[in-house]
Amino acid sequence: MRIKVINPNTTASMTAKIGEAARSVAAPGTEIIAVNPENGPVSIEGHYDEAVSGMALLEEIYRGEAEGVDGYVIACFGDPGLLAAREVATGPVLGIAEAAMHAASFIATGFSVVTTLGRTKIIAEHLAHAYGMDHFCRAIRACELEVLALEDEGSDARRIITEECLRARDEDGSGAIVLGCGGMADLAKAIEADIGIPVIDGVTIATKMVEALVGCGLGTSKHGDLAHPLPKPYAGAFAGYAPKPRVRIHETKYA
Ligand code: 5HY
């Protein structure tokens with residue numbers, strides 16, 4: 001089985017960290033392909049970054065289809081481009097926010113999200129609502145850390161995040177914490193040891209969920225809105241982004 005884990009920002013050190021996290025839980029027969037696009041934002045910290053990163057993300061999905069990839073993880077907590085990626089993909093595509101929130105709801109009656117900048121909290125709020133998690137998501141907290149602070153060895157990021165997780169544990173009535181950034185993938189186990197409650201990283205969870213879906217013979221439904229994008233010309237500089245014909249490397253039972 002081959003799972004492509006896509007970091008939609010262009011920071012290679014974060015991609016390496018994300019790939020290591022995915023490989024730490026992948027089954028022996030699962031190959032993890034961790035990539036980031038060459039083009040796009042170095043970090044994704046708002047609606048505009050998400051929108052722009054979506055095109056390069058979709059190019060990575062198209063490449064994966066041509067390479068016969070079995071499933072995908074979008075390793076960015078805003079789950080950018082998730083439904084568009086599902087239109088293109090044959091196999092399952094999971095975003096780390098969706099996967100982490102659902103996992104938290106399986107092991108606790110309430111969870112808190114601890115993310116980076118306050119301005120991106122609304123994105124996590126919208127996702128929790130869209131994923132039917134209003135009943136479980138007790139709070140969304142921001143550490144006011146820039147995403148790239150997570151890549152700075154000299155930053156105080158781990159301490160700052162751990163302290164916010166402790167406040168979430170003691171003040172929110174949450175039984176679990178969801179880390180709200182793909183760049184935090186290497187911190188989950190250490191913070192969990194520090195605070196004594198489950199701390200969930202979406203990269204590892206999404207990887208295992210994709211593995212489970214593929215293992216059960218499930219891919220993305222191609223009935224209705226997630227059918228392959230309709231062929232049509234795209235004008236001007238975006239001509240190259242016109243929907244490509246579907247590549248059927250994997251014969252699936254779906255239309
Ligand atoms: C992420 N941004 O997971 C998101 C999370 C955030 O570049 N990778 C990013 O902090 O908004």
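Start by selecting H228 and K244: a polar atom of the H228 side chain lies 2.8 Å from the backbone oxygen of K244. This is a polar contact, meaning a pair of N or O atoms within 3.5 Å; within protein, one must be able to donate a hydrogen and the other to accept it, and residues adjacent in sequence count only if both atoms are side-chain atoms.

The model is predicted: local features need pLDDT of at least 70, side-chain atom pairs count only at pLDDT 80 or more, and totals for chains, interfaces and linings use all residues. Residues are numbered from 1 along each chain as its sequence is written, and side-chain values use heavy atoms, with hydrogens and water left out.

Stay on H228, in the segment after α8 (202-215). Helices (H or I, at least four residues) and strands (E, at least two) are DSSP runs, numbered from the N terminus. H228 counts as buried because its relative accessibility is 18%; buried means under 20% relative accessible area, exposed over 50%, and partly exposed in between (1.4 Å probe, protein chains only). Leaving aside neighbours within four places in sequence, show what H228 is in contact with (heavy atoms within 4.5 Å): Y62, E87, V88, K222, K244, P245 and R246.

Next, select the ligand. The residues that surround the ligand include N9, S43, I44, C76, F77, T115 and T116, each with a heavy atom within 4 Å of it.

- N9: a polar side-chain atom lies 2.9 Å from an oxygen atom of the ligand.
- I44: a backbone N or O atom lies 2.6 Å from a nitrogen atom of the ligand.
- T116: a side-chain N or O atom is 2.5 Å from an oxygen atom of the ligand.

On its own the ligand has 300 Å² of accessible area, and the protein covers 96% of that (Shrake-Rupley method, 1.4 Å probe; for residues, only the protein chains shown count as cover).

From T116, move to L145, which touches T116, L117, A157, I160 and I161, not counting residues up to four places away in sequence. L145 is in the loop between β6 (137-142) and α6 (157-171). The C-alpha atoms of L145 and L117 are separated by 5.6 Å, although the two residues are 28 apart along the chain. L145 counts as buried because its relative accessibility is 8%.

Finish at A51 in helix α2 (residues 47-67). Is A51 buried or exposed? A51 is exposed, because its relative accessible area is 55%.
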